[in-house]
Amino acid sequence: KKAWNSDNRDRGNPQNGVSPHGNFKKTRETLLISRQSLPIWSHANEIRQSLRDSKDVLLLTGETGSGKSTQVPQFLVNEPWCTGCIAITQPRRMAAISLARRVAEEMGYPLGSRSLTSKVGYSVRFDTSTSPGMKIKFLTEGMLLQEMLSDPSLKKYSAVVVDEVHERSVNVDLLLGFLRNLVLGDKKGRGGRPLKVVVMSATQDTEALWRFFDAGFTKSGIQMPKAPKQTNGNSEKLEDSDSSWAGISSGDEKAVRKRKLGKPNGALKENGKPLTNGATKKEPTPEPIQVFSDHMSICYVKGRQHPVKISYLPEPTQDFVESALKAIFQIHTKEPLPGDVLVFLTGQEAVESLEKLVNDFAPGMDENIPKVSGYISKFQFLANLIWYFVLSVNSLYHDESGVVLCLVKGIGYFWHSKVTQADRTKILVLPLFAALPQAAQQRIFERTPDRTRKVIIATNIAETSVTVPGVRYVIDGGKVKIKQFRHRLGLESLLVKPISQSAAIQRKGRAGREAAGHCYRLYTEKDYLGLDPRTLPEILRSDLSHSLLTMKARGIDDVLGFPFLDPPPRESLEKALLQLLHLGALTETGQISDIGLKIARLPLTPVLGRAVLEAAAPERDCLVDVIDIIACLSVENVFIDLNFLTEEKREEAESARQYLRRREGDHMTYLATVQAFAAEHADRKAWTQKHFVSHRTMQNVMDIRKQLRQQCIQMKLLSASADLNAPPAPSEARTNAILHSLLRGFASNTARLMPDGSYRTMIGNQTVAIHPSSVLFGKKVEAIVFSDFVFTTKSFARGVSAVQLDWVSDVIANL
Ligand code: ADP
């Protein structure tokens, strides 16, 4: 009976305090039907049950799209222990916002700050939408860590749901450590109220997590029972036989073999006792939840996965954009509708260039698609009639036709082409990457118009973070852009690396959510077998200075003793501590300094945070400008990559951009660009097109600039009364102040010119070259400071400014 009651609450029973707004009720009711068909729906009672009484931790695994992120918070929101808010963390801002919007719709409320009574909101870096009555809050992992600065025991939350744990971001690892301490530690800070923790993952690697939490609870060392066998695409063994894919010419692949899904097994039990499950009378009986200890449970949600055929390239390719283009058109011309395509590429640049190519080629490609047969409309009938009339008259008169006939012939042609065009399948290209503005991101969820095939071109964001409905074809570029700390250089660099096998399996799985699918891998089968089985957790490959500062600011002094799921090597921890010391964020004795505390409050890396503080110092006084530059450094690429343009266009772009270029380097060029864009009041889009600047990216830059300004005003680094929209006159002194501020942050990213014309880093003495995209490319200056480090064929400094050698020497001497 209890179970039925709680289900009624989910349906928005007004008596339970969560009554939806009238206007939104209809959407809520429509969405309820699709919610009920999600695999997780039949597990609602188990999930509730597993967190009642003293059970504090639930590990929940289920394929992407099974409904974890959207449903779990709704299942829990009316539980008796849930007197506060539920936090659900996401690794990416985009997922946090889109999930919040979806859950608000499903519950029948406006989102966040749009209404005082809204129950759902979100909080991500540079954007927050919350309301006082909020019960469910989606936020990025970084934001929750940020909140822990002022509320270390997370008093306002009754539960924290840590989503996408399989991604193993640094922040998720930190969060798990803090939450473990909170759940196990004394709850005085929380007034004795429990904190429930749900850890959700799309893969079944729960063993390490289970040991991580269980060791703290019981030290019992209970053997973790094996996960139920899944038929949900987590295992490559389930794949259909691999046939080589020979690019666009291939056509004779074997038909997809039918595979029977495993039957859900047995009755619902907990500790051997059956559980009542009134809500799922018509549903198949779900997998049993397995309770391991008095404190912790694991639940495996069985996903629905249809077979996915895999094709590999026979030969490796270097040009992924071109290979993806071929694959898209092969699918579009040969495969039936419905069936959308999801393409995985490395970053915004590659996504945008493929988007452009598909749009350029699509109209020509449509010609190859057979006309659709079926009943014709009145207009089509009329058009055809005219057409036939024209043809016959034309043949009669052998083109010796008069004016009227020519006119009729023209109209006939017009109608004929319209009709034919309307009958053909169209391509709708939708890009998807983290920096894409909100409205554009939301388009991937919209219904595709009739006879249209959606082609979503995404970064690895669509691997697990976002579920795109309707996808049956996946094109996997096999690469991902990741940050990696290079110990030898002591620098963090952006690298394009092959994905792991588990990422390839996740990507493939996107094709089989709704029906049998097909995954085209843009690499050879041999390459696939050579991939690492798993992606290395970020904490083992990244610069830890940010994480350590996060810990220090939250009172963890013994960072080496912190409960890490995968402890990073001691050497990396020590290097990071040294870096913080250099930035002045730690004292000689390893305590966090005032500067460190301020940096920790800024939503920036310690290096950028230090640059902000330096710029705010009275002797520099250039914070507004440094914020503009940092906003540009926080997005992928302000300028459109000229490599993707024709020779002619490239020259046009070079000359249009000339007036934005500054001889001091890229940072001052960024500043000039932001200021010129901000000063443009007439048509900003046209301005960006003229200067080959990305309009989307500039909108993001402006948002980030706004948020950073607000944060700095709050921290009293910037005066609220200052006229922020009138940029100070450029002067040499001001330029020097800006470069000095950047230099203070980026002291370890500096290099000097050597007699042989190369640049060598001041710390580490490694050779770096100026990246071809830099305005200083090919220039010889005595010293450089750079904000980014990329490694492709060799080590490149990107985002470079020319500075005086004695400035650099001074800064380094004082570290
Ligand atoms: P999981 O967390 O298990 O990956 P989700 O709860 O994110 O699953 O998604 C469940 C379903 O809700 C999916 O079918 C997805 O298409 C849909 N969905 C999720 N977010 C949105 C959104 N913003 N708009 C429309 N549909 C969405």
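Of the chain's 815 residues, 45% count as buried, meaning that 20 or more other C-beta atoms lie within 10 Å of their own, with C-beta atoms placed from the backbone. The model is predicted: local features need pLDDT of at least 70, side-chain atom pairs count only at pLDDT 80 or more, and totals for chains, interfaces and linings use all residues. Residues are numbered from 1 along each chain as its sequence is written.

The chain holds 26 helices and 25 strands. These are DSSP runs numbered from the N terminus: helices are H or I with at least four residues, strands E with at least two. Among contacts between residues at least 6 apart in sequence, 73% join residues at least 24 apart. Two residues are in contact if their C-beta atoms, placed from the backbone, lie within 7 Å.

The axes of α19 (residues 606-616) and α20 (residues 623-633) come within 8 Å and cross at roughly 165°. Axes are lines fitted to C-alpha atoms, for helices over the stretch in contact, and angles run from 0 to 180 degrees between N-to-C directions. The two helices are therefore roughly antiparallel, the term for angles over 145 degrees. On the α19 side, Leu608, Ala611, Val612, Ala615 and Ala616 make the contact; on the α20 side, Leu623, Val626, Ile630 and Leu633 do. These residues divide into nine nonpolar, no polar and no charged.

Leu671 sits in α22 (residues 666-679). Leu671 is buried, with 26 other C-beta atoms within 10 Å. Leaving aside neighbours within four places in sequence, Leu671 is in contact with Asp625, Asp628 and Ile629. Leu671 and Leu660 are eleven residues apart in sequence and 8.8 Å apart in space, C-alpha to C-alpha.

**The ligand shell**

There are 17 residues around the ligand, and Lys68, Ser69, Thr70, Arg102 and Phe445 come nearest. A residue is near a molecule if its C-beta atom, placed from the backbone, lies within 6 Å of it. Helices α4 (68-76) and α5 (93-107) are the elements that give two or more residues to this shell. The shell divides into four nonpolar, ten polar and three charged residues.

Technical notes:
Ala, Val, Leu, Ile, Met, Phe, Trp, Tyr, Cys and Pro count as nonpolar, Asp, Glu, Lys and Arg as charged, and the others, Gly among them, as polar. A residue is buried if 20 or more other C-beta atoms lie within 10 Å of its own, exposed if 12 or fewer, and partly exposed in between; C-beta atoms are placed from the backbone. Angles under 35 degrees count as roughly parallel, over 145 as roughly antiparallel, 65 to 115 as roughly perpendicular and the rest as oblique.
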